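User: Please go through the helix packing and overall shape of this model with me.

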Amino acid sequence: MRVRGVLIDDTFAEAFPMWASRLVVTADTPRLALQAAGGAVGLATSIIGCGCEAGLEGSLARAATPDGRPGQVVLLFSYSPEKLEEHLFLRIGQVILPSATSACFNGLQAGKTAKVGGKLRYFADGFQSSKLLDGRRYWRLPVADGEFVVEESFGLGQGVGGGNLILIGERRLALLEAAEAAAEAVRGVRGAIAPFPGGVCRSPSKPGSRYKNVRASTNEAFCPTLHSRVATQLPPGAGAVYELVIDGLSEEVVRQAMGAALLAACRPGVLRISAGNYGGKLGPYHLYLHKILKELGA
Amino acid sequence: MRLTLTFVGSDPLPVDARALRPARLLKLSRADLARQSVMVGGRTVRLGELCRADRQASAGDGVVLAGATARLSGLGAGMDGGRLLIDGDAGDSAGAGMSAGEIEILGSAGDCLGLGMQGGQMRVRGSAGDWCGAAAPGQRSGMGGGTILVGGDAGREAGAGMRRGLICVGGDAGECAGVRLLAGTLLIAGKAGAGAGLGMRRGSLVVGRLERLLPGFLPAGPADDVWLRIYVRHLENLGMRLPKAWLKAAMPRFTGDSLELGKGELIVHDLSE
């Protein structure tokens, strides 16, 4: 199958269930909200090394935030509710709390919750107070520019991780433009993130390594510089590969994000688009590229 | 189904309307409704002698009380669900001790509105009398939960001994608003009378205008309004608007009452002294 001249492999991305959380970060200005939220998603590219994957879902207008200030939405994903709670506590406590004028609210109603604000309140050393409004408790922690307001509980819901696309191109610059366009398209889908810097990953990995303590290693089959030394998966003329990893709050959201990214990436300079899977052994969600494109009428 | 009870007559004696709870009234047949007894002054009277009943299947759930409603006291007292609309004024103790449900009074309410209320929502389009959301006689704690919205003014000692919940007064409040406040939130858009926050231990009292601060309140910097913004947003969703000026500039904040625990906060938009 070809879309605008780009060959689309007849394969699928293999996605798997993850635990998800959604934070609404607000501040006095859009810049401050972005600063706090952007910091909170740092070092959260891959669950393998970081313990969670995180990214910015997008901005929120004043009218859509609980306190009527500019906001940003953060999505966090991890493999267990315990690990997710640990990262919520760490990232809200160490990044959002110290950020000027910030506040943090739960953005996901789910059956399971983690008491995050309810634990962070102890930072206030006895000077904390709370407000209970409409069944939701907000903790007020005195800080040096006023108060940090954080919701007591955050929803832990089922999400989907591991959606992905592998973009193969002739030249790095043109391919990077396509990959960035695809990442931008993911940002346009609410409930989805591409957790790598700028949404683009240059180091597709494979599980395991020839070294016993290394859990993941470079996927040599996609490295142009190893073309002549390994069983490559690259077509002739390929000079660069970029991967997009996509997590979302549901399989449907990941499917939508992959579709938007696929269409955005089909542009000159891209030779082929593929997807990573483990033969169907890793996860229950098999997102077929051809099927996604057909659903979009491509 | 909607049940409308239209009260007739000009007898000034108060009617003890505590038995008129929506959930119960909606289950009664027309005959049982007419036989329902209520106390008027010191004597027992059948409801059928005081009002006429109309049922409408398609008008939504709830009970509407119309006509001469100002003499009905204890309306919705102890209510634990359902919706009660009073198309007129209500007497004393409306919603006292209610734990759930919704009461809306299109006119004004008498004294002791939501006295010892534990949950649910009370909305008064007009004004409320004294001791709105306050403690019941003999009790230390006032309102323990729920929301009271008063579009007009409130009388003296609004929120006295309040322990949880929210009271929002769109107009002015009389003397000693938030007296002995234990916790919870009392918002007064207009002017609060003398003695606001007297003896408060915890909780938040926000007032539009105050002429004189009690000596037990100490300056505690400009108020950080994030929590207040959440309340403003919530109240807007309920159709209640607070002054926009509250959120335009940091309001002065005081903690007190130092003669008590001193952990309460008093935020004043316009302090005249």
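**Helix packing and overall shape**

Analyst: The crossing of H5(A) and H6(A) is right-handed, meaning that the near helix is turned clockwise from the far one by less than a right angle. This is a predicted model, in which local features need pLDDT of at least 70 and side-chain atom pairs count only at pLDDT 80 or more, while totals for chains, interfaces and linings use all residues. Residues are numbered from 1 along each chain as its sequence is written, and chains are lettered from A and ligands numbered from 1 in the order in which they are written.

User: Are H5(A) and H6(A) roughly parallel or roughly antiparallel to each other?

Analyst: H5 covers residues 172-187 of chain A and H6 residues 251-265. Their axes (lines fitted to C-alpha atoms over the stretch in contact) lie 8 Å apart at an angle of about 150°. Angles over 145 degrees, between N-to-C directions from 0 to 180, count as roughly antiparallel. The pair is therefore roughly antiparallel.

User: Which residues in H6(A) meet H5(A)?

Analyst: Contact here requires C-beta atoms, placed from the backbone, within 7 Å. From H5(A), the residues include A:Ala178, A:Glu184 and A:Val186. On the H6(A) side they are A:Ala257, A:Ala260, A:Ala261, A:Ala264 and A:Ala265.

User: What share of the residues in chain A is buried?

Analyst: A residue is buried if 20 or more other C-beta atoms, placed from the backbone, lie within 10 Å of its own. Of the 298 residues in chain A, the buried ones make up 47%.

Notes:
Helix = DSSP H or I, 4+ residues; strand = E, 2+ residues; numbered from the N terminus. Parallel < 35°, antiparallel > 145°, perpendicular 65-115°, else oblique. Contact = placed C-beta atoms within 7 Å. Buried ≥ 20, exposed ≤ 12 C-beta atoms within 10 Å, placed from the backbone.
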